[in-house]
Every structure is written in structure tokens, then in C-alpha cells.
Amino acid sequence: MHVLILSCSTGGGHNAAGAAMKEALEAAGHQAVLLHYMDLAGKKVADTVDNTYLKMVKRSPKMFGALYKAGIFISSSRRRSPVYYANAAMGKYLKAYLEEHPVDYVVMTHLYAAETLTYLKKQMKLPSNLVIATDYTCIPFWEETACEAYMLPHKDLVEEYV
């Protein structure tokens with residue numbers, strides 16, 4: 001099985017989950033590629049997105065909190081958010097990658113990639129896909145996604161392995 005794992009460098013947990021998934025898949029004899037999702041648009045775009053997020057969280061946590069609360073307020077299953085449309089713009093890059101590098105499965109550890117994959121559903125036949133939730137809480141905008149499966153953390157699972 002060929003698996004593409006899409007992560008995002010807006011915090012270490014997304015990448016750590018992606019790396020663990022890659023290691024487990026390869027140990028089971030599968031081929032896996034871990035790709036930092038924003039790199040599809042180029043290193044400059046990826047660095048800008050990652051650094052903007054990290055700087056805001058570290059230097060302006062109140063601003064980040066205000067934006068997060070605004071996201072909760074506008075998040076709705078009845079309409080698409082600006083976040084969805086920003087991620088839809090990444091569709092041309094992900095589509096080109098999937099056409100050039102066919103895979104059996106796409107695993108996503110971040111909302112951004114899940115929104116882009118949702119956008120692409122109308123444009124192409126997609127591989128099977130799974131989201132692994134890696135945030136500390138349910139964040140806004142997940143209701144805009146339409147992936148095949150979602151893996152959510154559970155307290156009992158965490159305790160079993162700690």
C-alpha cells in the first residue's frame with residue numbers, strides 16, 4: 001500500500017503524529033511519504049504560514065485567542081469559512097501532486113489538508129483518506145470537511161500506552 005501523510009508545521013504535534021504513522025506503516029511493510037502540506041505551494045509559502053502561526057502564538061497569545069474565538073463564532077456547517085477558501089487555493093498543488101504520485105491512501109494530521117481534500121472531491125477521484133486529530137481540543141472548521149474517516153484521541157487509549 002502506498003500512503004501519503006500530510007502534516008503541517010504549525011506546532012510539533014501534527015508532525016510527530018505524521019512521523020509516528022509513517023514509521024508504523026513502514027514497519028508493517030507499506031510505503032509512506034510524510035509531506036509537510038504547505039511545502040506543496042513552495043518553501044516560502046510554507047515558512048510564511050508556519051512562522052506567522054508560531055510567532056502569533058508566542059508573541060501575541062491574546063490576538064491568537066481572539067482569532068480563535070472569532071473562528072468559533074463563524075464556524076458553521078451551513079456555510080464555508082475564509083479558512084476553507086484559503087485551503088481550497090491549495091487544491092491545485094495537492095491535485096498536481098496526487099496526479100504525479102498516485103497513492104492508495106491519504107492520512108492527514110491537520111485541518112488545512114483535510115479542507116483541501118474536501119475541496120478536491122468535486123474535481124477528481126480521491127484515494128481513500130483518514131484524518132488523525134492532533135489538536136488539544138476540537139477546533140473550529142472541522143465541520144467543513146468531508147473525509148472518509150476521522151481518528152480522534154481518547155483518554156483510555158492514551159492511558160493504555162503511557
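Me: Which helix supplies the largest share of the lining of the largest pocket?
Reply: This is a predicted model, in which local features need pLDDT of at least 70, side-chain atom pairs count only at pLDDT 80 or more, and totals for chains, interfaces and linings use all residues. A pocket here is an open set of points on a 1 Å grid over the protein atoms alone, where a 1.4 Å probe fits and protein lies on both sides within 12 Å along at least five of seven lines; lining residues have an atom within 4 Å of a point. Helices 1 (12-27), 2 (43-59), 3 (61-74), 4 (82-88) and 6 each bring at least two residues to this lining. The largest share, six residues, comes from helix 3.

Me: Which residues of that lining are closest to the centre of the largest pocket?
Reply: Residues are numbered from 1 along each chain as its sequence is written, and side-chain values use heavy atoms, leaving out hydrogens and water. The lining of the largest pocket has 32 residues, and the closest to its centre are Tyr 53, Phe 64, Tyr 68, His 110 and Tyr 112.

Me: Is Leu 117 buried or exposed?
Reply: Leu 117 lies in helix 6, and it touches Leu 94, Met 108, Leu 126 and Asn 129, not counting residues up to four places away in sequence. Buried means under 20% relative accessible area, exposed over 50%, and partly exposed in between (1.4 Å probe, protein chains only). Because its relative accessible area is 2%, Leu 117 counts as buried.

Me: Strand 3 and strand 4 pair over how many bridges?
Reply: Helices (H or I, at least four residues) and strands (E, at least two) are DSSP runs, numbered from the N terminus, and two strands pair if DSSP finds at least two bridges between them. Strand 3 runs parallel to strand 1, with Leu 4 opposite Val 106. Val 106 also stands opposite Asn 129 in strand 4, while the partner of Val 107 there is Leu 130. Strand 3 and strand 4 (residues 128-132) are parallel too, and the number of bridges between them is four.

Me: Why is strand 4 described as largely enclosed by the rest of the structure?
Reply: Strand 4 has five residues, so the count of buried ones decides the matter. It is largely enclosed because the buried residues number four of the five.

Me: What is the phi of Phe 141?
Reply: Phe 141 lies in the loop between strand 4 and strand 5 (149-151), and it is buried, at 9% relative accessibility. Most residues other than glycine have a negative phi. For Phe 141 the value is positive, near 85°.

Me: How far apart in space are Arg 78 and Glu 143, C-alpha to C-alpha?
Reply: Arg 78 is found in the loop between helix 3 and helix 4, and it is exposed, with 74% relative accessible area. Arg 78 and Glu 143 are 65 residues apart in sequence, and their C-alpha separation is 9.2 Å.

Technical notes. Contact = heavy atoms within 4.5 Å.
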